[in-house]
Amino acid sequence: MPQASTPQAALSAVLEHIGKEQDRYVSDLQEFVRIPSVSADPKHKEDVRAAAEWLMGRLEQAGMENVTLVETSGHPGIVADHLHAGPDAPTLLVYGHYDTQPAEKSDGWVHEPFEGALEGGRIWGRGSTDDKGQLICHINAAEAWLKSGGGLPINLKMVFEGEEEVGSFHFAEILDKTGDRLRADLLIVSDSPMRGEDKPAITYSLRGLSYFFVDVDGPGSDLHSGIFGGTVWNPAEALAHMLATCKDPKSGKVLIDGFYDDVVEPTAEERERLKEVSDPDAVFLKNTGASALFGEEGWTPTERTGLRPTFEVNGIRAGYIGEGSKTVIPRTAHAKVSCRLVADQDPHRVKELVATHLKKVAPEGVRVSVELHNLGHPVRADPDHPMFVAVEKALVDTFDNRPALLPEGGSIPAVADMQKRLGVVPILVGFGHKDENMHAPEESFRLKNLFRGTEAAARIYGEIAAQKRG
Ligand code: BES
Ligand code: MN
Ligand code: MN
């Protein structure tokens, strides 16, 4: 491969390469989406591994080196690198996840969830936008630099995990096993939505998560509600009562003692800046399909998702909900509850606060247990970091639009882990869209963003190298 004479010439060759490979990018992603790598479902354990192996093959083909499968007590991680840009060039770590949420055709899919159908300029399928289509942009970009740009302008490392959608429980094992191998200056993650059609975004914060199982035990067995009704606390009602005390139905404030203690209040400047890029209430209303919005008083919907913590009941199960009726007082009741957290809330502390609250309001005669199921720490990056400027320029050049700086409400637990363990500066640049149905039926990914995401990633690598050169 002849070395291009200037960085500009190299980039032109890279972009030309990307333009020519579009068909292959699409068929590759189709192959990837066809592997049902559902991390939550033990039945798909081998499929998750198959996706990991597919990824290894793709990384080898792209010219990445030291492609390694890292075993964990759960699903494996994949690590690769290419470290030939010299000791003065910056080192960039790319993270993504190759596992997906579950999907069944009967959930309301029109397209088969694991076929990767192409229609209307999109690829349809579970994992297409979250996160297979986004992570593959980085492999395509690395390949373009290696095959047509005379080599990568930065030292590049990649880590992909297969447990993000179940809380990244064993991600620490990947970090333990790889030691210093993943150390880098900067972390790039493409696993979030853009601001809108043709409007890129740089995400500067992610919420954390504290997810727990709440179990309420009452009488020694299910009871006849005629013989015993009116004599003991019904666990289903006790649970409903307890959960209802957690949030004010008018103000939407969480009523758990200490819940807001560690919340970092945004500056007036941050709120002002956010106003310019906030979606109007009407857009949220339409996107939710609900008949009214509800949330914490004093904050806009964008602020509620980006800057404020929440308490949510994700599911409740108790008593008889089969065919017809059954007059029974159930012995137990169960709920799955989670809180989205913002800096500097700690998921363990929040779990303790919730447990203390629920036990305090539990009526006499029921036993309550609250167990932490999974957790993620909130992430906050510094939008004034010089590397943001480099990424911004790459996005402007790709999308012809300035990126919006956005806080996001979703969680990617591994990011805070890497921030802490590897000392990396995280920059989140997603190529997805809010209407691409992450986690819902009919997930899709715009093909134009497969191409532009690849271009943006390639430009980001170039700009980061240039930034360092000064
Ligand atoms: N890609 C999402 C996270 C995300 C969503 C970031 C929207 C920014 C905007 C990720 O795959 C995800 O779904 N994470 C889970 C994590 C949980 C299982 C610990 C989430 O947020 O629910
Ligand atoms: Mn994701
Ligand atoms: Mn997800």
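Biologist: A salt bridge is a side-chain nitrogen of Lys or Arg within 4 Å of a carboxyl oxygen of Asp or Glu. How many salt bridges does the rule find across the interface of domain 1 and domain 2?

Modeller: This is a predicted model, in which local features need pLDDT of at least 70 and side-chain atom pairs count only at pLDDT 80 or more, while totals for chains, interfaces and linings use all residues. Residues are numbered from 1 along each chain as its sequence is written, chains are lettered from A and ligands numbered from 1 in the order in which they are written, and side-chain values use heavy atoms, with hydrogens and water left out. The domain assignment, of the automatic or database kind, gives domain 1 as 8-206 + 378-469 and domain 2 as 208-263 + 309-376. Across the interface of these two domains, the number of salt bridges found is zero.

Biologist: How many residues does the contact take from domain 2?

Modeller: The C-alpha centres of domain 1 and domain 2 are 37 Å apart. Contact is taken as heavy atoms within 4.5 Å, and on the side of domain 1 it takes nine residues, whereas from domain 2 the number is 10.

Biologist: How many residue pairs are in polar contact between domain 1 and domain 2?

Modeller: The two domains bury about 640 Å² between them, with 59% of it on carbon and sulfur atoms, where buried area is the accessible area (1.4 Å probe) that two parts lose on being put together, summed over both. A polar contact is a pair of N or O atoms within 3.5 Å; within protein, one must be able to donate a hydrogen and the other to accept it, and residues adjacent in sequence count only if both atoms are side-chain atoms. With both residues at pLDDT 80 or more, the count of such pairs between domain 1 and domain 2 is two.

Biologist: Is Val350 buried or exposed?

Modeller: Val350 sits in helix H10, residues 347-361, where helices (H or I, at least four residues) and strands (E, at least two) are DSSP runs numbered from the N terminus. Val350 touches Ser210, Phe259, Cys339, Leu341 and Gln345, leaving out residues up to four places away in sequence, and Leu209, 141 residues apart from Val350 in sequence, has its C-alpha 9.4 Å from that of Val350. Buried means under 20% relative accessible area, exposed over 50% and partly exposed in between (1.4 Å probe, protein chains only). Val350 has 2% relative accessibility, so the class is buried.

Biologist: Which residue does a cis peptide bond join to Asp130?

Modeller: One cis peptide bond runs from Ala343 to Asp344 with omega near -5°, and Asp344 belongs to the loop between strand E13 (332-341) and H10. For the bond at Asp130, omega is about 5°.

Biologist: What relative accessible area does Thr129 have?

Modeller: Thr129 also lies in helix H4. Leaving aside neighbours within four places in sequence, Thr129 has contacts that include Gly432, His433, Glu436, Met438 and Phe445. Thr129 counts as buried because its relative accessible area is 0%.

Biologist: Is Asp400 buried or exposed?

Modeller: Ser168, though not a glycine, has a positive phi of about 55°, lies in the loop between strand E6 (155-161) and helix H5 (171-178), and is buried at 5% relative accessible area. Asp400, again not a glycine, has a positive phi of about 60° and is found in the loop between helix H11 (386-399) and strand E16 (404-407). With a relative accessibility of 70%, Asp400 is exposed.
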